[in-house]
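Subject: Structure for your review

Dear colleague,

My findings follow directly after it.

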Amino acid sequence: MSDGVANNVVMPVPPALIQILCRLEAVLSNFVTERRLAAETLGRYESEVESLNLTALGIRHIEGFLRISAQDLILFPAAACVARSALEVNLKAAWLVSPSDHFAREARWLAHLQGEERTLERLVKELSSLGVDGSALTTIRDQIRMFREEVQARMPAAAPSLSRTLNVKEMCEEIGGGSAYKDYIFLSQYVHGEHHSTRHFRGGGLGTKKELGEDYSLVDWALLCKAVFYSLAYFGRKFLGSVGGNPDAVLTPEECEDLDKEIDALANRAASA
């Protein structure tokens, strides 16, 4: 990318949003530190290791969100997609280790692992329909299945058995996620290219009332910040609490409430402007 393109700011980011992004960055830094400390005591169970992997993925999503968001308000659609990913990934990490019983956690990990088998199976079928050799993926799928079945055979008889992982709504309902699922629905429109996501290019109107152009409200930007806030303050803290970490070292309940209010204030000021 040329410097000209990289430095061509179309919609400057206002100080109020920058301030919130800086606070989120500080929370992320705390989470990275506490996650590293917690990781030193983990590793015996596959569910714990995979939850660490998922939070590593979530960290990268949040880092991407912060970099995109600080550049230009016009990058809102890209930031929305990354914020959604951060929310979902950290939710799954927290859900994976939320049971106190280690074998209940392992049962969730087995269902999570089986999801990769299904993905590979779908890819193999699609390649076959295109006349492409998918034997390499078939081998990987079979290796995963064999490993999963060997682990499953060693599970206690009383251990739960899951045919699949829960969906986002179910996970939010089970471990508690505030209004995170509502925000997830909104953010998903940008990932899937639904009609709601194009309202920024038509002034929100339809037919003769649409105003072609491009605009992004700080009300919408506040929602993205709230999703990333949830991914750390709700799900990041829940993950740490489940694996012996210190959630309050990331953000105390009082700090959670304060940052939550600051994000709401940004939205309220923008809505009344």
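Gln-143 is exposed, because its relative accessible area is 52% and exposed means over 50%, buried under 20% and partly exposed in between (1.4 Å probe, protein chains only). This residue lies in helix 6 (residues 135–153); helices (H or I, at least four residues) and strands (E, at least two) are DSSP runs, numbered from the N terminus. Between the C-alpha atoms of Gln-143 and Ala-271 there are 54 Å in space, and the two are 128 residues apart in sequence.

This is a predicted model, in which local features need pLDDT of at least 70 and side-chain atom pairs count only at pLDDT 80 or more, while totals for chains, interfaces and linings use all residues. Residues are numbered from 1 along each chain as its sequence is written, and side-chain values use heavy atoms, with hydrogens and water left out.

The protein chain has 10 helices and zero strands. Its C-alpha atoms fill a box of roughly 60 × 55 × 35 Å along the principal axes. Of its 273 residues, 43% are buried.

The largest nonpolar core has 74 residues, of which Leu-24, Phe-65, Trp-221 and Phe-229 touch the most other members. Such a core is a set of buried Ala, Val, Leu, Ile, Met, Phe, Trp, Tyr and Cys residues joined through side-chain atoms within 4.5 Å. Helix 9 (residues 218–242) gives the most to this core, with 14 residues. Leaving aside residues up to four places away in sequence, Trp-221 touches, among others, Leu-17, Phe-65, Asp-72 and Tyr-216 (contact means heavy atoms within 4.5 Å).

Two helix pairs deserve mention. Helix 3 (residues 46–69) and helix 4 (residues 76–96) pack at about 160°, with their axes 8 Å apart; axes are lines fitted to C-alpha atoms, for helices over the stretch in contact, and angles run from 0 to 180 degrees between N-to-C directions. Helix 3 and helix 4 are therefore roughly antiparallel, since angles over 145 degrees count as such, under 35 as roughly parallel, 65 to 115 as roughly perpendicular and the rest as oblique.

Helix 4 and helix 5 (residues 102–129) pack at about 140°, with their axes 9 Å apart, and are therefore oblique to each other. Their contact is made by Lys-92, Trp-95 and Leu-96 of helix 4 and by Arg-105, Arg-108, Trp-109 and His-112 of helix 5.

Yours sincerely
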